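Can we walk through how to read a protein core and the strands around it?

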Amino acid sequence: MTRLATFAAFVPIDRWQALATGASLPDRAVGAALFADVSGFTPLTRALAEELGPKRGAEEMLVLLNPLFDALIGELHRFGGAVISFAGDSITCWLEGDDGRRAIACGLAMQDVMRAYASLRTAGGTPLSLFIKLAIAVGPARRFVVGQEAIQKIDIVAGDTVTRMAAIEELAQRGEVIVDEAAALRLFDEVEFGPWRSDESGLRGRVVLGLRTHILPAPWP
């Protein structure tokens, strides 16, 4: 599936403060773009619908999904990131000023969250599993605030870094964190890496196995 290279979001805390005071906002940023995609929802949705019916099954899905995404986004906020957009069972995120360290630590923390969902069983006894894969790219991006004051203002992140993030996500397998070549080369001494992956165009990403050093959280104030 091809993903768009531009994503929209509710404005993160720092930009809300700037908008509220009428301050000007920079349209260029440097940081890490992170894409997290949870898989396994389709068989779970089907099983719940068959066991409980469409309406009750949908309600039970929310009982499961809300705590899961609360926990995932909690890890993102703990490392100073912000959700840029939701798209079904995936989220696109931005970590301002990050060279990949915090994004990788965040991705691994999200993998830890998912361990509790690796072996599930519905009320009817159907065994199921949920997994997550994450893609991270670092570099510059363009940021815009669009919308109308009386309706909604939206924060948009776009550019080559976001495009690379979307492309290397296609190289990741479930349960993996993968980073673009720029982050892999820069953080070679601090991150334990697995194999390289590449697509037909020659774009490369590298699988993350773990951290060699401790990365401190940088939570929102």
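What follows is a tutorial on cores, strands and one lysine.

Q: What should I know about the model before I start?
A: It's a predicted model, where local features need pLDDT of at least 70, side-chain atom pairs count only at pLDDT 80 or more, and totals for chains, interfaces and linings use all residues. Residues are numbered from 1 along each chain as its sequence is written, and side-chain values use heavy atoms, with hydrogens and water left out.

Q: How many residues does the largest nonpolar core have?
A: In soluble globular proteins, nonpolar side chains tend to be buried together. A nonpolar core is a set of buried Ala, Val, Leu, Ile, Met, Phe, Trp, Tyr and Cys residues joined through side-chain atoms within 4.5 Å; buried means under 20% relative accessible area (1.4 Å probe, protein chains only). Here the largest has 45 residues, and Leu34, Phe41, Leu68, Leu72 and Met110 have the most contacts inside it. A second, separate core of 15 residues includes Trp94 and Val162.

Q: Why is strand β2 called largely enclosed?
A: Strands are DSSP runs (E, at least two residues), numbered from the N terminus. β2 (residues 28-39) is largely enclosed by the rest of the structure because 9 of its 12 residues are buried.

Q: Which strands pair with β2?
A: Pairing needs at least two DSSP bridges. β2 runs antiparallel to β7, joined by 12 bridges, and pairs with β4 (residues 90-96) in the antiparallel sense over 7 bridges.

Q: Is lysine 133 buried or exposed?
A: Lysine 133 is buried, at 16% relative accessible area, and lies in β7. A polar contact (N or O atoms within 3.5 Å, one able to donate a hydrogen and the other to accept it, with residues adjacent in sequence counting only if both atoms are side-chain atoms) of 3.1 Å joins its side chain to that of glutamate 169.

Conventions
Buried means under 20% relative accessible area, exposed over 50%, partly exposed in between (1.4 Å probe, protein chains only). Helices (H or I, at least four residues) and strands (E, at least two) are DSSP runs, numbered from the N terminus.
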